[in-house]
Amino acid sequence: MMAEESVALSKDLEGSETSTPETPTVKVLEELLNTGRPSCNHADEVWPNLFIGDLVIAHNRFGLWKMGISHVLNAAHGKIFCKGSHDFYGTSIEYHGVPAFDLPDFDISPYFYPAAEFIHKALTTPGAKILVHCAVGISRSSSLVLAYLMIHHHFSLVEAIQTVKKHCWIFPNRGFLKQLRSLDIQLRKITEHREKNP
């Protein structure tokens, strides 16, 4: 699936708040996210060999070694207190940084596909485990994991949220939710287009 294809098919859908059974409004998504109880762990396995975590575990190289982490995706690369890098982890961990701000007006969508590819590559490597983290492990990191599940496992946004929420508490900010909704609509349009034009 090409990122250019998805963008071309949905330019007019950005910011759309039309609710469908498959793609609820941001308000409904926030109500879904508000269910359940917060996780108290610094890292939680939300998909086989895929962990969402915070900066505490990300900065604990011994803890990562004990967990068997081989890949780290830092969704707060270069931000204060999240100084992870290739130099920090050395050769034992493959590192990828996404310099996202946890602000509703930050456009995280250009990172959905590259992050999903990095996660996919890690999870198709025998014996590999990946930690996706940001400062608190609630908004930026979860947004990238949700996008991965939608892109590579063809989950709807609701299905992706429900899958991750079984294992930890997440809450992408409102701007990120809007961008994930747009991705959901894009992926649905691509699927419909391919079914009509095999």
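## Cores and helix packing in a predicted model

Of the 44 residues in the largest nonpolar core, L73 and V164 touch the most other members. A nonpolar core here is a set of buried Ala, Val, Leu, Ile, Met, Phe, Trp, Tyr and Cys residues joined through side-chain atoms within 4.5 Å. Buried means under 20% relative accessible area, exposed over 50%, and partly exposed in between (1.4 Å probe, protein chains only).

Elements giving two or more residues to this core include helix 2 (26-33), helix 7 (140-153), helix 8 (157-165) and helix 9 (174-196). Helix 7 supplies the largest share, eight residues. Helices (H or I, at least four residues) and strands (E, at least two) are DSSP runs, numbered from the N terminus.

The model is predicted: local features need pLDDT of at least 70, side-chain atom pairs count only at pLDDT 80 or more, and totals for chains, interfaces and linings use all residues. Residues are numbered from 1 along each chain as its sequence is written, and side-chain values use heavy atoms, with hydrogens and water left out.

L73 touches H96, V98, A115, F118, I119, I130, L131, V132, H133 and L144, not counting residues up to four places away in sequence. Contact means heavy atoms within 4.5 Å. A second, separate core has 11 residues, including L64, I69, Y89 and L131.

Axes are lines fitted to C-alpha atoms, for helices over the stretch in contact, and angles run from 0 to 180 degrees between N-to-C directions.

| Pair | Axis separation | Angle |
|---|---|---|
| Helix 2 and helix 8 | within 11 Å | roughly 15° |
| Helix 2 and helix 9 | 10 Å | about 115° |

Helix 2 and helix 8 are therefore roughly parallel. Helix 2 and helix 9 are therefore roughly perpendicular. Angles under 35 degrees count as roughly parallel, over 145 as roughly antiparallel, 65 to 115 as roughly perpendicular and the rest as oblique.

Which residues make the contact of helix 2 with helix 8? L29, L32 and L33 of helix 2 meet L157, V158, I161, Q162 and K165 of helix 8. These residues divide into six nonpolar, one polar and one charged. Ala, Val, Leu, Ile, Met, Phe, Trp, Tyr, Cys and Pro count as nonpolar, Asp, Glu, Lys and Arg as charged, and the others, Gly among them, as polar.

Against helix 9, helix 2 uses V26, L29, E30 and L33 to meet R174, L177, K178 and R181. That contact has four nonpolar, no polar and four charged residues.

**A loop residue**

H77 lies in the loop between strand 3 (71-74) and helix 5 (86-89). H77 is partly exposed, with a relative accessible area of 28%. Its C-alpha atom is separated by 4.5 Å from that of P99, 22 residues apart along the chain.
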